[in-house]
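This report covers strands, salt bridges, surface charge and backbone angles in one protein model. Please keep the sequence and the 3D view open while reading.

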Amino acid sequence: MTCRGNDRKRIFGDDKDRIQFLKLLENSLDVYQVSLCSYVLMTNHFHMLVQTPLGNLSEFMRHFNVCYTGYYNYRHSRSGHLYQGRYKSFLIDVDNYLLEVSRYLHLNVVRVHSLKTASLDEKVNLLKDYKWSSFPGYTDNKKIEKFVKYDLILSMIGSRAKYYKFIIEGLDKDLKDPFKEIKNGGILGKDKFLKKIKKEHLEYGSSREQPGYKKLISNYINPEAIIEIVASTLGINKELFSESYKNGTARGILSEMLYRYSGLKETEIGKLLGNIDYSAVNRLRSRLKKKMEKDNLIKSKFGKTERKIQGKLSSVEI
């Protein structure tokens, strides 16, 4: 997926902005249970390669982009849109395109016009020294970032040394842009993959976010069952979950469990919590995370509740 600055203007003023961008990204990845495989930050845009097991790309990007835009506008005394329209996203055929897309993404750093006449050695050195990309962690254990999931791509090629060689080989030849092979519907894949996705998952008239459609996930638990489990584990009356401004920790735990295991969006969860809006649900989840970082008792209750729900999940027929 990619986002560009409005009117192609810069979205990072300096390294402080980039550092904050990554901090906010790490938090959003955790809140929305999204896995980040690769990323690269450029002057006026960024690219990310993500997996969304919960089919919630739209919610994730809305939260993340609002957070960073708010930060950037405040720091730089500006207002209005930071990005040019909605982010662009594509569903990728992992077996046939993931490696190539990750390489193309990482090589963005050296495809800028100013480096068009640079030597191979100059490009290699720049690529190795550029720290606003997931590439360093793919080639050096000492530069691993905890919010990047390297395993999937590395498992496809064998090792960090082989991935480094794969990337450098891309510098020494004129690589094709894999995104030029995107089919109608925003899918990058072979015909067999395309037919399978359209047949099994994409329906006529479904939302714009078809690549992350929740029908791709089948092992959800009924929300009422989750509410019962959370209430019994925490020892409270389930009717209390709908009372606003009370039982914040319990409501936060329920919000998180519903989000992870019921397939509901935050807007839908809000209706079960006294008709609060999605932003209030998001605040409950974010506050819960901060509480668990400081309070081991709350963390223990959360873990106990989640284990019970996971036990229920293992009995769901798929």
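The sections below start with the basis of the values and then go through the structure by topic.

## Basis of the values

The model is predicted: local features need pLDDT of at least 70 and side-chain atom pairs count only at pLDDT 80 or more, while totals for chains, interfaces and linings use all residues. Residues are numbered from 1 along each chain as its sequence is written, and side-chain values use heavy atoms, with hydrogens and water left out.

Helices (H or I, at least four residues) and strands (E, at least two) are DSSP runs, numbered from the N terminus. Two strands are taken to pair if DSSP finds at least two bridges between them. With strand β1 (residues 2-4), β3 pairs in the antiparallel sense over three bridges; here Thr2 stands opposite His47. With strand β2 (residues 35-41), β3 also runs antiparallel, and six bridges join the two. Leu36 faces Val50 across this pairing, and Tyr39 stands opposite Met48.

Burial is described by relative accessible area: buried means under 20%, exposed over 50%, and partly exposed in between (1.4 Å probe, protein chains only). Seven of the seven residues of β2 are buried, so this strand is largely enclosed by the rest of the structure.

## Salt bridges

Side chains of opposite charge can pair when their charged atoms come close. A salt bridge is counted here when a side-chain nitrogen of Lys or Arg is within 4 Å of a carboxyl oxygen of Asp or Glu. By this rule there are eleven salt bridges. One of them joins the side chains of Asp14 and Arg75, at 2.8 Å from N to O. This pair links distant parts of the chain, 61 residues apart: Asp14 is in the loop between β1 and α1 (15-31), and Arg75 is in helix α2 (residues 57-75). Asp14 has a relative accessible area of 28% and is therefore partly exposed; Arg75, at 30%, also counts as partly exposed.

Glu228 and Lys238 form another salt bridge, with their closest N and O atoms 2.6 Å apart. They too link distant parts of the chain, ten residues apart, with Glu228 in helix α9 (residues 223-234) and Lys238 in the loop between α9 and α10 (248-261). Glu228 is partly exposed at 40% relative accessible area, as is Lys238 at 31%. Within helix α10, Glu256 and Arg260 lie four residues apart, about one turn of the helix. Their salt bridge has its closest N and O atoms 2.8 Å apart, and both residues are buried. Glu256 and Arg260 also belong to a network of salt bridges that links them with Glu266, Arg285 and Glu306.

Which residues gather in a patch of positive charge on the surface? They are Arg283, Arg287, Lys290, Lys291 and Lys294. For such a patch, residues need over 30% relative accessible area and no salt bridge, and like charges are joined within 9 Å. Lys and Arg count as positive, Asp and Glu as negative, and His and the chain ends are not counted. The place of a charge is taken as NZ of Lys, CZ of Arg, CG of Asp or CD of Glu.

Arg283 is found in helix α12 (residues 278-294) and counts as partly exposed because its relative accessibility is 40%. Glu293 is found in helix α12 as well; at 59% relative accessibility, Glu293 counts as exposed. Glu293 is 50 residues from Glu243 in sequence and 25 Å from it in space, C-alpha to C-alpha.

## Positive phi angles

Most residues other than glycine have a negative phi. Arg8 has a positive phi, near 60 degrees. Arg8 lies in the loop between β1 and α1 and, at 54% relative accessibility, counts as exposed. Gln33 likewise has a positive phi, near 55 degrees. Gln33 sits in the loop between α1 and β2 and is partly exposed, with a relative accessible area of 27%.

Definitions and conventions: Patches are made of residues with over 30% relative accessible area and no salt bridge: like charges are joined within 9 Å, nonpolar side chains (Val, Leu, Ile, Met, Phe, Trp, Tyr) within 5 Å. Accessible areas come from the Shrake-Rupley method with a 1.4 Å probe; for residues, only the protein chains shown count as cover.
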